[in-house]
Amino acid sequence: MRTTVPPVACVGEPRLTAGFAEFGRLDLMAHEEVHGPIGPMEPGSLLRLAEAIDLKGKGGAGFPFARKLRAVLESCERQSLAAAVVVNATEGEPASWKDKMLLTRAPHLILDGAALAAYAVDAEEIVIGVADDDMGRPSLTEALQERRMPVPTTIVTVPHRFISGEGGALVNGINGLPHIPPGTKKRSSDSGVGGLPTLLSNAETFAQLAVAARLGPYEYAALGTDDEPGTVLLTITGAAARPAVVECAAGTPLREILDLCEVPDGPGVLTGGYHGKWITPEAADRAEISRKGLVAVGGTLGAGIIVPLGRDTCPLGEAAQVVRYLAGESAGQCGPCKMGLPDLARAVDLAVSGSAPIEIVRAAAGDVKGRGACSHPDGTARFALSAVEVFAEDLRLHTTGEGCGNRVKGVLGLPGAPDANPQKLTLDWSRCDGHGLCAHVVPDFIRLDANGYPAFPATPVPTWLREGALKAVKVCPELALRLAKAE
């Protein structure tokens, strides 16, 4: 995993990244020189602007900003309450860097957008959520010291976990509760920070709002497509020889972005991040950078994450590592997360090892889809199903025992080393008497075959099941089961 924000590149006219070449990081003076002044907007004017440019959330879900704004305004009037504004800059997705780039290099654009929203909803506070990796907070703190905000503005640090970036989890954390999604569906526009109607959106969304307020809807729409005006921020990593955060107009061919970042030929491209979808190289050649354009080829824009693979890594092994990580990142507060995701991870491991057919993955994914307390099970299932479909030929090679011939290099941006010390279970068949104790200790990895003997994948034991595997080794009465370093 990278410890610094990748370089920034731009295809066409820069907007969010304007001034970077001259100033690097834009302090308040440079920010005003590059972007010009900005004044407050009345609620109706801000609503019309957001609707005219069809501004959608840039955090992944793509919810229309105007609908959020209207919902907060109506909720405030109905309940006779003040509002709060929350900027989600946590970026819990490990493969995403665009919000960290804005925090470290263009923090005043984010603050401009938050100030516009706070004035429009008559908010009593602004809260900005950042991750505890300390990458964006220093720059944001400096920016707040350089200017006056319309209302008290605070920075809240949240754990750098995948689910901590979910909107409900962020509100919980701000309210002093555990940083996990609420167990029930609730709208922050009705009750969010401190019980107030809360306007919550992603950091890039607020930055785009600040750009649009200066340009106006017509000039803003001079870039992009009719359906999706404006620019898009993308994080390009993976096999790219020149990983970067790229700003481009919506509608730009994906192939142009991949060539800019010197992406080699490979078996597939992950679009939208860990809750996204894989597309084939042929689809990548046809795709355009927009929500509509990526959906047309089977992908998704999500939070603007593009992770291509090279031919020197095992694509299914890479995907299996991510599914294990996502299973371990769940809040564990509902059945689909607590039990379904580990089962899905095991199913993917079994399929990759050639020990089970693809149907086991489809069945495990079907067991969690649409049943979770948040979107985490759905997103994980989508990622897993997409992987086994796009890499069907690789899966066939694994099923026949041949394998694809490549090691797993860990290029999908997982935090830290996906498994610094991979270990796998081995069985001495001359000793095993089929007691079955091991399968009772760690049923998520070891099961009994039709003859009552243990069966498990030949792949390394997931880190989140390592403790259980070690216990299984210890309880084996014949000392037949062992945990050894995976080659």
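Is Val475 buried, exposed or partly exposed? In this predicted model, in which local features need pLDDT of at least 70, side-chain atom pairs count only at pLDDT 80 or more, and totals for chains, interfaces and linings use all residues, Val475 is partly exposed, with a relative accessible area of 35%. Residues are numbered from 1 along each chain as its sequence is written, and side-chain values use heavy atoms, with hydrogens and water left out.

View 1. Patch residues have over 30% relative accessible area and no salt bridge, with nonpolar side chains joined within 5 Å; buried means under 20%, exposed over 50% and partly exposed in between (1.4 Å probe, protein chains only).

**View 2. The largest nonpolar core.** This core, a set of buried nonpolar residues joined through side-chain atoms within 4.5 Å, has 57 residues, and Phe65, Val85, Leu102, Val121, Ile126 and Leu199 have the most contacts inside it. Helix α6 (107-121) is among the elements that each supply at least two of its residues, and α6 gives the largest share, ten residues.

**View 3. Surroundings of Leu102.** Leaving aside residues up to four places away in sequence, Leu102 touches Leu16, Pro107, Ile110, Glu204, Ala207 and Leu233, contact being heavy atoms within 4.5 Å.

**View 4. The buried side of helix α17.** Asp394, Leu395, Leu397 and His398 are buried in α17 (residues 392-399); they lie on the same side of the helix because they cover an arc of only 160 degrees around its axis. Their cover includes α13 (315-328), α14 (335-352) and α16 (376-390).

Notes. Helices (H or I, at least four residues) and strands (E, at least two) are DSSP runs, numbered from the N terminus. The arc is that of the directions from the helix axis to the C-beta atoms.
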